[in-house]
Amino acid sequence: MRLRTFALVLFLLTCGVALAQDRSKPAVKNISVYAELMKAPKKAVARRNPLATDPDAVAAGGKLFSLHCAECHGEMAEGTKKAPSLFADEVQRATPGTLFWLLTNGVVRRGMPVWSKLPEAQRWQLVSFIKSMTPTSKPADAEQPHSAQR
Amino acid sequence: MLPITLHQHSSFPVWLFSEATAVCRSSRALPLGLLGLVLLVGALPLHAQESPYIVTYDHYLEEPGSLEVEYFSTFGTQRAGNDFHAFWAEFEYGATAWWTTELYFDGQTTFNDSTLFTGFRWENRFRLLQREHFINPVLYIEYEQTSGADKILKEVEGHDVEADYAVPNAIARQEHDHEIESKLLLSSTFAGWNIAENTIATKNVTGGNPWEFGYAIGASRPLALKASAQRCSFCPENFIAGVEMYGGLGDRYSFGLHNTSHYLAPVIAWNLPSDWTLRLSPGFGLNDNSHRFLLRWGVSREFSGFGAAVSRLFGGRQ
């Protein structure tokens, strides 16, 4: 009986802590969230996107973005309280290799999961899509944005 | 415990209906059920790339704030006894990117016998390293409170053998187990393949039972590595196929393969764009101590923003 009570208390405690984790700081305006990009090793930074010339990579990446990323980064990648905008200079100036490295490793401390569960080719497709985005494709600036396709 | 005796060959929907009716008679259950429904409606379905494994764990955790609701079923053949259909519901919540917590409710129908609720499990998985490595370790800790009639075979450990499951439900359910189960999950992803190895150590804290050991290993790969540009249900990248093998390794006093059971099971998962995942796995016993055949299948759906919905409900920041 004591074990059961202990398990119940532990469970309720877990629920409380788990829910508290959700009240994270808004990510949109937090510049430091981009600092992780600077931590990519040189070898990763120098990697080239093998799908850079693939004509379908951007469209496929857009589909993957809407399936896996839009929930946190926003449907148009504009950023939400959970994850930063991908239109930021820090992201757009980053090399494809850096973005691939970040996707692969996530930023576990800050709540971004690792995405190595997606095959390498799909991660490169996502990189192609992110690098194809321009500020003009933001919903506020463009009538028919070509970014995230739901 | 809510044992419900049904007629011969009762199936899951009948059990579910009876269970639900009994539970809903309780005055507290209805508001709780409605609350759960409201929270699920407030959360959005999320497409996830789910692994096909049913027994083996890889190192990927639930996305933070997401709730995955899953139902699994296992049909097992039984020599010197009645075949059975065991089932469980899982509620898997991503507390953080490095911690997933999960609640299970188990039940089973033994043909020509009865249908029982057999217990619950509460598991936690902790990612030990922040970044991806060639081998990625995850620590798994579970508390389970089940009866001796539990037959979901979610893991095989110690000297679990087929004959243990031939005991009639009326007798088996009188045994109550409180187990602490720990696993070290190791998983690697290379060239589209996932290779996962799990080692299991379990201690039944009721009585003087020794530590028991087991293993599960799995390999899987999507049928296509590149995504197609269109949303589609039957694109090869939506299917992940593989194989898993699991079994017992004896206990502290008799470690090894003697008097243990082992299974080999091809697995396939179909990740639908409509946010559902279906899994199927026919399993085959590898020695005389094993059930000859286990057919497992499961269906799951992930809801993102569940944590935020609960947080808002209790006055959290928008």
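pLDDT is the predictor's confidence in each residue, on a scale from 0 to 100. This is a predicted model, in which local features need pLDDT of at least 70 and side-chain atom pairs count only at pLDDT 80 or more, while totals for chains, interfaces and linings use all residues. Residues are numbered from 1 along each chain as its sequence is written, and chains are lettered from A in the order in which they are written.

Let us start with confidence. For the complex, the predictor gives an ipTM of 0.81 and a pTM of 0.83. Chain B has a mean pLDDT of 87, with 84% of its residues at 70 or more. Its residues 1-30 stay under 50, and the model has 33 contacts for them beyond four places in sequence; two residues are in contact if their C-beta atoms, placed from the backbone, lie within 7 Å. In chain A the mean pLDDT is 80, and 69% of the residues reach 70 or more. There, residues 22-26 stay under 50, with 10 contacts beyond four places in sequence. Over residues 138-150 of chain A the pLDDT is also below 50, and this stretch has 31 contacts in the model beyond near neighbours in sequence.

Now to the fold of chain A. Helices (H or I, at least four residues) and strands (E, at least two) are DSSP runs, numbered from the N terminus. Chain A has six helices and zero strands. Among contacts in chain A between residues at least 6 apart in sequence, 71% join residues at least 24 apart.

Trp124(A), Leu126(A) and Phe129(A) are among the buried ones, and the cover includes helices H3 (57-73), H4 (89-93) and H5 (96-105) of chain A.

How do H3(A) and H6(A) cross? Their axes come within 7 Å and cross at roughly 100 degrees, which means that H3(A) is roughly perpendicular to H6(A). Axes here are lines fitted to C-alpha atoms, for helices over the stretch in contact, with angles from 0 to 180 degrees between N-to-C directions; roughly perpendicular covers 65 to 115 degrees. On the H3(A) side, the residues that meet H6(A) include Gly61(A), Gly62(A) and Phe65(A), and their partners include Gln125(A) and Phe129(A).

Chain B brings strands into the picture, with four helices and 13 strands. Buried residues make up 44% of its 318 residues. Most residues other than glycine have a negative phi. Leu153(B), not a glycine, has a positive phi of about 50 degrees. This leucine lies in the loop between strand S6 (136-147) and helix H3 (169-172) of chain B, and Leu153(B) is buried, with 21 other C-beta atoms within 10 Å. Asp275(B) also has a positive phi, near 75 degrees. Asp275(B) sits in the loop between strands S11 (262-271) and S12 (276-285) of chain B and is partly exposed, with 17 other C-beta atoms within 10 Å.

Notes:
A residue is buried if 20 or more other C-beta atoms lie within 10 Å of its own, exposed if 12 or fewer, and partly exposed in between; C-beta atoms are placed from the backbone. Angles under 35 degrees count as roughly parallel, over 145 as roughly antiparallel, 65 to 115 as roughly perpendicular and the rest as oblique.
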